[in-house]
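Look at the sequence and the structure before reading on.

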Amino acid sequence: MKKLSDVLKIICLVILALPLALAWLPCGAFEGLVPASLVESGYLHALFLSFRELSITLVATMLFAMLLSIGIGYVSVLSMQAGRGFANVLNAVESIPAILVALFCYAPVSGYLARHSSAASTTMSLVVFMLAATVTTLPEAVRGIAIPLSDLYNRKYSLSFRSYGFTKQRILAVLMNTALMRNTLKRVAAGILLKTLVLDCSFGFIIQLGFGSYGTPAHLSPGALIAAHRDALFEGGEPILFWLPSILLITISVAFLLMLNDRKEENT
């Protein structure tokens with residue numbers, strides 16, 4: 001029964017996260033499934049582009065943040081002095097709202113984004129946002145790795161390894177490959193994906209709402225698309241313009257939440 005439950009969970013996760021994969025298919029394949037007005041106005045094309053950009057942002061940020069988190073978490077356990085230093089820096093970062101971190105990161109390059117071509121500004125915007133999202137996810141991600149790794153090291157396994165002459169570096173390397181740490185890394189990755197999704201959509205929504213098309217980041221965001229069509233909820237509008245990307249974002253968020261909750265249950 002447990003294996004059947006695991007299979008059902010995987011199927012559920014795949015279905016919920018499917019919009020990110022479907023966004024890479026030709027949008028023409030879905031033209032018959034939506035009202036003709038969405039195709040003629042270019043909305044469907046913009047919807048697909050925004051979710052493609054979101055998927056790139058999620059994957060790039062998750063990989064970069066995971067590499068940094070693993071490295072910092074490992075060094076923090078290896079050296080108590082380095083761990084305290086990292087903790088102070090990350091605590092300071094965590095005290096700043098994530099949306100402000102993103103705005104501060106964009107401020108120095110706003111002129112570049114406005115003056116350069118679409119391709120160049122899109123690439124720069126993606127890099128800047130990835131760095132901003134990584135900064136905001138690091139505090140929790142590093143704690144999520146360093147705390148269980150330190151706990152494992154201080155258990156009897158460490159004494160056994162040391163009795164065979166293992167160095168601390170080698171012991172930690174072995175412990176990082178245990179089932180507990182592998183599950184921990186999966187949980188941390190799910191948390192990074194969820195936080196990045198929320199930040200991406202919140203940032204895109206706020207910029208679009210406050211500055212209009214000129215101030216919108218060069219990388220597209222479903223949040224910006226929702227903000228641009230918020231008037232669709234008023235009388236005479238087409239509510240589908242607002243609710244379609246919103247529902248897709250909800251399903252993806254639920255998938256990440258299920259991943260996060262599933263890993264927590266495995267570790268308890």
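A residue is called buried when its relative accessible area is under 20%, exposed when it is over 50%, and partly exposed in between, using a 1.4 Å probe and protein chains only. The model is predicted, so local features need pLDDT of at least 70 and side-chain atom pairs count only at pLDDT 80 or more, while totals for chains, interfaces and linings use all residues. Residues are numbered from 1 along each chain as its sequence is written, and side-chain values use heavy atoms, with hydrogens and water left out.

**Salt bridges**

Side chains of opposite charge can pair when their charged atoms come close. A salt bridge here is a side-chain nitrogen of Lys or Arg within 4 Å of a carboxyl oxygen of Asp or Glu. Searching the whole structure gives 2 of them.

| Salt bridge | Closest N to O |
|---|---|
| R143 with E94 | 2.9 Å |

R143 has a relative accessible area of 35% and is partly exposed. E94 is also partly exposed, at 39%.

The other pair links K195 in helix α11 to E140 in helix α8, parts of the chain 55 residues apart. K195 counts as partly exposed because its relative accessibility is 34%, and E140 is partly exposed at 44%.

**Nonpolar cores**

A nonpolar core is a set of buried Ala, Val, Leu, Ile, Met, Phe, Trp, Tyr and Cys residues joined through side-chain atoms within 4.5 Å. The largest one has 43 residues, and F51, L197 and F256 have the most contacts inside it. Among the elements that give two or more residues to this core are α4 (43–78), α8 (118–153) and α13 (240–267). The most comes from α4, with 11 residues.

Contact means heavy atoms within 4.5 Å. Beyond its neighbours within four places in sequence, F256 is in contact with L20, L58, A190, L193, L194 and L197. A second, separate core has 11 residues, including Y106, V109, V128 and L199.

**Helix α10**

Which residues of α10 are buried? They are I171, L172, L175 and M176. Seen down the axis of α10, the buried residues fall within an arc of 135 degrees, so they line one face of the helix; the arc is that of the directions from the helix axis to the C-beta atoms.

Conventions. Helix = DSSP H or I, 4+ residues; strand = E, 2+ residues; numbered from the N terminus.
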